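I opened a notebook page for this chain and wrote down what I looked up. The entries are in the order in which I made them.

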Amino acid sequence: DFERILPGPNRMYPDTDTPPTPITEKTLEIIKKRMPEHLGDREKRLASLGLPPSLVTTLSISRHLRVFDRIVETMKVSPGLVATTLMGTLTWLRRQGKDIENLSEETLYQVFLLLGEKRFSKEALPKLLAFLADNPETTAVEALKALQISPLSMEDLQGVVDEVIETCYKSQYVECSIDRVMGEIMKVARNRIDGKIVYDLVESK
């Protein structure tokens, strides 16, 4: 009669009753694809996007890396702005007492999706994210409406710039410096269009 030796020091070899399971090349490829990216490769990839070493180091081990990759791969937004927002602005908001755990990956993605569509300016990011942290049931679109932030077209901006400059030059007691003109324009344009776009337009006048 055959007697199977129970596991222990007397059973030194694999079970010979079970046939070997072949590992195909296809299986190996699947395993490789599921393996996490090596930290060194991850840091090189982030550095190739133009991120400074400090952001590369923190982002490479951050839980926000996945949403960063998703945003950068699918949108035409600055990787530097995305990384600074995720690693800097969110940290600042937490120190201000905001519960940033309320900002889900999907919420962050939708915020940058609207930014990429020029629905608001990058200067509005802290204000918008703070509102969403306080109101986690609110969507990014709803938050913009609640904050009364609407996009400003180039045509409308042109009109605002022309009006402010004309008013400034008509006044005999006001110095029409670019800082003064910018200050008046940004009362209308703030959070609605990128400040650099405004400055470049004013400077061209």
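**Entry 1: the kind of model**

I noted at the start that this is a predicted model.

**Entry 2: salt bridges**

I began with charged side chains. Side chains of opposite charge can pair when their charged atoms come close. I looked up the total and found 12 salt bridges in the structure. I then went through some of them one by one.

**Entry 3: K32 and E29**

I looked up the partner of K32 and found E29, with 3.9 Å between the closest N and O atoms. The pair counts as a salt bridge because the cut-off is 4 Å. I checked where the two residues sit, and both are in helix 1, which covers residues 25–34. They are 3 residues apart, or about one turn of the helix. K32 has 53% relative accessibility, so K32 counts as exposed. E29 has 39%, so E29 counts as partly exposed.

**Entry 4: E101 and R63**

I turned to E101, which forms a salt bridge with R63. Their closest N and O atoms are 3.1 Å apart. I found both E101 and R63 to be exposed.

**Entry 5: K98 and D134**

I looked up K98 and found a salt bridge with D134, the closest N and O atoms being 2.7 Å apart. This pair, too, links distant parts of the chain, 36 residues apart. K98 lies in the loop between helix 5 and helix 6, while D134 lies in helix 7 (residues 125–134). Is K98 buried, partly exposed or exposed? Its relative accessibility is 25%, so K98 counts as partly exposed. D134 is at 44%, so D134 counts as partly exposed.

**Entry 6: a nonpolar patch**

I23, L28, I31 and M35 make a nonpolar surface patch of about 390 Å². I picked L28 from this group and found it in helix 1. L28 has a relative accessible area of 33%, so L28 is partly exposed.

**Entry 7: the largest pocket**

How much space lies in the largest pocket? I wrote down about 340 Å³. The largest pocket is lined by 17 residues, and the closest to its centre are L115, K118, F120, D194 and I197. I sorted the lining by class and got 9 nonpolar, 3 polar and 5 charged residues.

**Entry 8: positive phi angles**

I looked up K118 again, this time for its backbone. K118 has a positive phi, near 60°, and is a residue other than glycine. K118 belongs to the loop between helix 6 and helix 7. Its relative accessible area is 62%, so K118 is exposed.

Q148 is in the loop between helix 8 (140–146) and helix 9 (154–170). With a relative accessible area of 73%, Q148 is exposed.

**Entry 9: distances between C-alpha atoms**

G116 lies in helix 6 and, at 38% relative accessibility, counts as partly exposed. G116 and I71 are 45 residues apart in sequence, and their C-alpha atoms are 9.9 Å apart in space.

D99 is in the loop between helix 5 and helix 6 and is partly exposed, with a relative accessible area of 39%. The C-alpha atoms of D99 and Y199 are separated by 34 Å, and the two residues are 100 residues apart along the chain.

L144 is in helix 8. Is L144 buried or exposed? Its relative accessibility is 4%, so L144 counts as buried. From L144 to F131 I noted 9.3 Å between C-alpha atoms, and 13 residues in sequence.

Conventions: Residues numbered from 1 in each chain as written. Predicted model: local features only at pLDDT ≥ 70, side-chain atom pairs only at ≥ 80, totals over all residues. Heavy atoms only, no water. Salt bridge = Lys/Arg side-chain N within 4 Å of Asp/Glu carboxyl O. Helix = DSSP H or I, 4+ residues; strand = E, 2+ residues; numbered from the N terminus. Buried < 20%, exposed > 50% of the residue type's maximum accessible area, 1.4 Å probe, protein only. Patch = residues over 30% accessible without salt bridge, like charges linked within 9 Å, V, L, I, M, F, W, Y side chains within 5 Å. Areas by Shrake-Rupley, 256 points an atom, 1.4 Å probe, with all protein chains shown as cover. 1 Å grid on protein atoms, 1.4 Å probe; cavity = no way out; pocket = protein on both sides within 12 Å on 5 of 7 lines; lining within 4 Å. Points joined across faces, edges and corners; volume = space filled by probe spheres on them. Nonpolar A, V, L, I, M, F, W, Y, C, P; charged D, E, K, R; others polar.
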